[in-house]
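Student: I would like to learn how to read a protein model step by step. Could we go through one together, feature by feature?

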Amino acid sequence: MKFSILIASYLSKDTWKRWCEQPGSPLARWFVTALLVMVATVILVAFQLLERGLQERLARFGLDTLLVRRNVTPASVAFFRQGDGPDPLGVLSADGKKLRLRQLFVRGQTELQQDNLFVYSYPPQALPLLANMLSPDTSVICLSDALPAGMKMQVQIGDRKLFAKVARPQNWLRGLATDTILLVPQGWLQEEDELGWIETTVFQRRPGAPPMERIIAAVNTLSTLDNRPPPQIQSALPLVHELDELKRRRIEWEGLLAAMLGGAVALVYGAIAVLEFRQNLYVGALLRSFGSPPVLLFLKYLFENILLVNLAAILALTLTAMLHSAIFGGLGLPTDALNSSGGNPYTSAAVLSVFVWINAGALLSSLPVAIGLRQPVGEILS
Amino acid sequence: MKSINMRCLDVSFRYRRDRPWIIADFNYTFHPGVTLIKGASGCGKSTLLRLLAGFLKPARGQIVTPEGCAPANAEFQRRELGFVFQQLNLLPLATVQRNLALAASIAGLPGKAIAENSARWLGLLGLEPYLKRMPHSLSGGQQQRAAIARAMVKEPRVLLLDEPTSGLDDLNARVITRALKQFVTGNRICVISSHDSRLEHLADEVLDFNCFLPLERHLEALV
């Protein structure tokens, strides 16, 4: 045991001396590893941020929510019926809850700020679904995440001033708009109604109902049967597909990065380790001639490589985290990920797996040294 | 089986298969005491020492150490073998004292024995003033003496020296000879490969290795 410590001490001194004499060698290894790890980290974290963005959008919109929009112009039949005709999407009521609204061609403003809010009107049939948001004082609802819930305030729509009660939008209604919206009873804004509207149906599929793909197909079929142009349909399906595609790409990239990082580290470190091993062949052979186990010499190269790659990786990771806002802000990705409840992306399994790849590369790079150590001492010292 | 001798049984060696034999069917028993291997350059003296040390493996035949094992046995190399190379013997980043301590520790000597043995052999070889010196700051003779001290410090059963006095002045040669005389006692086997006549009086046996020299090299040697 004591001799192992003595040899290890000598070898570490030897390594340190070599580093001081030829700083280019450890610095080159450091730089290459740090650069590779930084690139890999940026790619992996970017994937995570994109995934989080999509997941947040999915959570906001809801997986089982469908938004169907159709323009009703003053020239159309529906306009003459003033929307009182049969609901073309009425059949969907069996598969979930449905809210039929009109998005009017007018914008509203709150008294708090000069904002520009979407205005929807709701029919009397929608009252059961909106009941918990209504107030006895007013039938105008201001759906907002930003304003305090329950607050009453004055809103202006065109030249009309109304009182509205602020309510939090239920999840299934979040698809209507990303910002604050106003819901007004139908018939209150006659003048605006005459301009036409966008017939907007929010549908939430109930559990056990046919899958969303089939419901979307049914909506399109209904439009075709009624000789109407296809409506604009908004659902979470494209987001789900996008998320699946992103995950597939991330897995591909992880594999590619693993091969790239491990391979590059193995090549660079292997070449330098072999070069230095040849330079230090004599010292190694001399130690072996005393009976020192070759495995100690191999471990020295392995330890040196592992130390360098891990230090470089920690540095690269820290640097990337410090420059997070600059890097990902520049790429147009959310930069508040470090404070996000989704966990720190820099300590995620995908990013930490970088350490596995580079250590595998370091191990591979030491194998030529292990082979070199099989050369007989007598041939080296001849 | 343990014995007091080191035996070479039909030992043959060549560095590569397409090269001629350097040593062919060599049989010899090294007895306790000093054996001096003489011969012209290239006759295989150093190669034989490396075979005896287990640093090379015989292509044919076998070498049996006094411990009854092959010389490549790590335990034999650690505890029972001391080897002095012709040059480049010291670890360049360790002081003379550290070089000795390292070799003795690898041999498994306790701290007290390391200190005693180091003091004894360094004293005999006149190296006490250079204990804390690094190898590069020593002269050639001092380096060679330090290397011999390092081989002796673990008091091995078998000591092999490859041209230990090559290129050294008479004073250094005398110091080394005196230390070797002190060392070779009891059942210790010391094999010296050298063509330095200053070591001949030390030898209990002389082994002429010119027999392995190719004919043309014999003629060259005669000329």
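Student: Which order do the strands of the open sheet of three strands in chain B have, and is the pairing parallel or antiparallel?

Tutor: Please keep in mind that this is a predicted model. As a general idea, strands of a sheet pair through backbone hydrogen bonds, and they do so either parallel or antiparallel. In the open sheet of three strands in chain B, the order is S2-S1-S4, and the pairing is antiparallel. Strand S2 (23-30) and strand S4 (60-64) of chain B have a single partner strand each, so one side of each is left without a neighbour in the sheet. Neighbouring strands of this sheet are turned against each other by 15 degrees on average, with direction ignored.

Student: How many bridges join strand S1 of chain B to S4(B), and which residue is the bridge partner of Cys8(B) in S4(B)?

Tutor: Strand S1 (residues 6-13) of chain B runs antiparallel to S4(B), and four bridges join the two. One place to look is Cys8(B), whose bridge partner in S4(B) is Ile63(B). Helix H1 (residues 45-53) of chain B packs on this sheet, where it touches S1, S2 and S4 of chain B, and the direction of this helix makes about 120 degrees with that of S1(B).

Student: What is the strand order in the open sheet of five strands in chain B?

Tutor: That open sheet has the order S5-S6-S7-S3-S8 in chain B, and here the pairing is parallel. Strand S5 (81-84) and strand S8 (205-208) of chain B are the edge strands, each of which pairs on one side only. On average, and with direction ignored, neighbouring strands of this sheet are turned by 15 degrees against each other. Helix H5 (residues 140-153) of chain B packs on the sheet and touches S5 and strand S6 (158-162) of chain B, while the direction of this helix makes about 170 degrees with that of S5(B).

Student: Which residues touch the most other members of the largest nonpolar core?

Tutor: The general idea is that in soluble globular proteins, nonpolar side chains tend to be buried together. In this model the largest nonpolar core has 105 residues, and Val37(A) and Ala149(B) touch the most other members. Leaving aside neighbours within four places in sequence, Ala149(B) is in contact with Leu100(B), Trp121(B), Leu122(B), Leu125(B) and Leu127(B). Another core of 35 residues lies apart from the largest one, and among its members are Leu92(A), Val119(A), Leu143(A) and Leu182(A).

Student: Why does Trp30(A) count as partly exposed?

Tutor: The step of reasoning needs a cut-off, since a residue is buried if 20 or more other C-beta atoms lie within 10 Å of its own, and exposed if 12 or fewer do. Trp30(A) has 17 other C-beta atoms within 10 Å, and therefore it is partly exposed. Trp30(A) lies in helix H2 (residues 24-61) of chain A. Leaving aside its neighbours within four places in sequence, Trp30(A) is in contact with Leu308(A) and Ala312(A). Trp30(A) and Leu315(A) are 285 residues apart in sequence, yet 9.4 Å apart in space, C-alpha to C-alpha.

Student: How many residues does the contact take from chain A and from chain B?

Tutor: The contact takes 20 residues from chain A and 18 residues from chain B. On the side of chain A that touches chain B, helix H1 (2-21), helix H8 (281-289) and helix H12 (377-380) of chain A each supply at least two residues. The largest share of that side, seven residues, comes from H1(A). By class, the side of chain A that touches chain B has 11 nonpolar, four polar and five charged residues.

Key. Residues are numbered from 1 along each chain as its sequence is written. Chains are lettered from A and ligands numbered from 1 in the order in which they are written. This is a predicted model: local features need pLDDT of at least 70, side-chain atom pairs count only at pLDDT 80 or more; totals for chains, interfaces and linings use all residues. Two residues are in contact if their C-beta atoms, placed from the backbone, lie within 7 Å. Ala, Val, Leu, Ile, Met, Phe, Trp, Tyr, Cys and Pro count as nonpolar, Asp, Glu, Lys and Arg as charged, and the others, Gly among them, as polar. Two strands pair if DSSP finds at least two bridges between them. Axes are lines fitted to C-alpha atoms, for helices over the stretch in contact, and angles run from 0 to 180 degrees between N-to-C directions. A nonpolar core is a set of buried Ala, Val, Leu, Ile, Met, Phe, Trp, Tyr and Cys residues joined through C-beta atoms within 7 Å.
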